[in-house]
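Here is a short walk through one protein model and the ligand it holds. Take a moment with the sequence and the structure, then read on for the ligand's surroundings and the charged pairs.

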Amino acid sequence: MKRVLTNVEGLDELLGGGIPEGNIVLVSGAPGTMKTSLTYHILHTNALDRLRGLYISLEQGRASLLDHTEGLGYRHDAVSGNLSLLDLATLRKKMVGSSEQPWMDLFKLYAQGIRKSFDYRLLVLDSLDALEILAKFRDPRREMFSLIRWLRDLQCTAFLLGELPTDVSGADPRRAAFAKHKEDYLVDGILHLRLARQGDFGMQRQLRVVKMRGSRHDTGYQALVFDNGFKVTRILA
Ligand SMILES: Nc1ncnc2c1ncn2[C@@H]1O[C@H](COP(=O)(O)OP(=O)(O)O)[C@@H](O)[C@H]1O
Ligand SMILES: [Mg+2]
C-alpha cells in the first residue's frame, strides 16, 4: 500500500509509514489546536518532495494564512510551484456573477477545475464548519455524505478540518464525538488535536490517531510539539 508521509517525527512511525494514499482524514480539534498549521506542514513538506497539494481556505484569507505559516518558518516561495493556496472567499468576491453561485458548487468547481492544470494529490479543506455555514446546509448529514463521496471520486488524500468546542477535557475520550454530523463514521481517518491541562498551570498540545483505515496504530494521546517542524512523542507521566 502506498502511503503519504506526514513528515511529522513520530507520527509516520505511529501510522506504520504514513497515511494510506487516498484516505479522507478528519482533523478535528478546538480553535488554536494547530489544525491549520499541522495540515499546512503536511502539504508544505510534501511539496518540497514534489508531491503537489492544494490548500483551500474558507476560514482565513490567503494573506493571513501565509502570514501565519511564514511565522512558523515555512517559506511559501520555496514550494509555490507545488503548493497552491486558494482562498475561496476572496476568489468569490473577484468572480463576476459568482455571488449567485452556491458555495458547494464553487468549491467543487475549483477543486476539480484546478486538477486539470495542477495535478495535486493532497487536498486540505479548512474547514468543514466554514463550508457548512457558507453553503447553508439544509440537511447536514446528507450533504456531508455526498461531499465525502464526491471527494472519493477526486482520488486524492484529503484532510478535512473540523472545529470542536474548546472544553472537552472532562469528556470520556471513548465516548467523545469528533464530528457534528456523523462524518466521523464516513471518513477513513481521524486525527484529534487538543490542548490538555498539565500540572496546575501548564497546557500541553496533544494528538491522537482515533482511526486510520489501513493502519494498525496506537490510539492513545501523544504530545504534539512544534519546534521548527512538528514532532509527536510519548506523554511522560
Ligand atoms: N511560532 C509558533 N510556535 C508555536 N506555536 C505557535 C507559533 N505561532 C502560533 N502558534 C500557535 O498556533 C496556534 C494557531 O494555530 P492554528 O493552526 O491556526 O490552529 P487552528 O487551525 O486549530 O485554529 C496559536 O494558538 C498559537 O498558540
Ligand atoms: Mg485553523
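## The ligand and its shell

Sorted by class, the residues around ligand 1 comprise five nonpolar, five polar and two charged ones. Please keep in mind that this is a predicted model. The surrounding residues are A30, P31, G32, T33, M34, K35, T36, S37, H68, L72, R205 and F226.

Oxygen atoms of ligand 1 are approached by both backbone and side-chain atoms. From the backbone, an N or O atom of T33 lies 3.2 Å from a ligand oxygen, and one of M34 lies 3.0 Å from a ligand oxygen. K35 uses its side chain instead, with an N or O atom 2.7 Å from an oxygen of ligand 1. Of the 580 Å² that ligand 1 exposes when taken alone, the protein buries 61%.

## A closer look at S37

S37, one of the residues around the ligand, sits in helix α2. Is S37 buried or exposed? Its relative accessible area is 2%, which is under the 20% cut-off, so S37 counts as buried. The side chain of S37 makes a polar contact with the side chain of H68 at 2.8 Å. Leaving aside residues up to four places away in sequence, S37 touches H68, L72 and F230. H68 and L72 also belong to the ligand's surroundings.

## Salt bridges

The model has eight salt bridges.

| Pair | N to O distance |
|---|---|
| R75 and D77 | 3.0 Å |
| R115 and D119 | 3.3 Å |
| R213 and D188 | 2.8 Å |

R115 is buried, with a relative accessible area of 16%, whereas D119 is partly exposed at 37%.

Now for R213 and D188, whose closest N and O atoms are 2.8 Å apart. R213 is partly exposed at 39% relative accessibility, while D188 is buried at 5%.

Finally, salt bridges with shared partners join R115, D119 and R121 into one network.

How values were computed
Residues numbered from 1 in each chain as written. Chains lettered and ligands numbered in written order. Predicted model: local features only at pLDDT ≥ 70, side-chain atom pairs only at ≥ 80, totals over all residues. Heavy atoms only, no water. Near = heavy atom within 4 Å. Polar contact = N/O pair within 3.5 Å; in protein donor to acceptor, adjacent residues only side chain to side chain. Areas by Shrake-Rupley, 256 points an atom, 1.4 Å probe, with all protein chains shown as cover. Nonpolar A, V, L, I, M, F, W, Y, C, P; charged D, E, K, R; others polar. Helix = DSSP H or I, 4+ residues; strand = E, 2+ residues; numbered from the N terminus. Buried < 20%, exposed > 50% of the residue type's maximum accessible area, 1.4 Å probe, protein only. Contact = heavy atoms within 4.5 Å. Salt bridge = Lys/Arg side-chain N within 4 Å of Asp/Glu carboxyl O.
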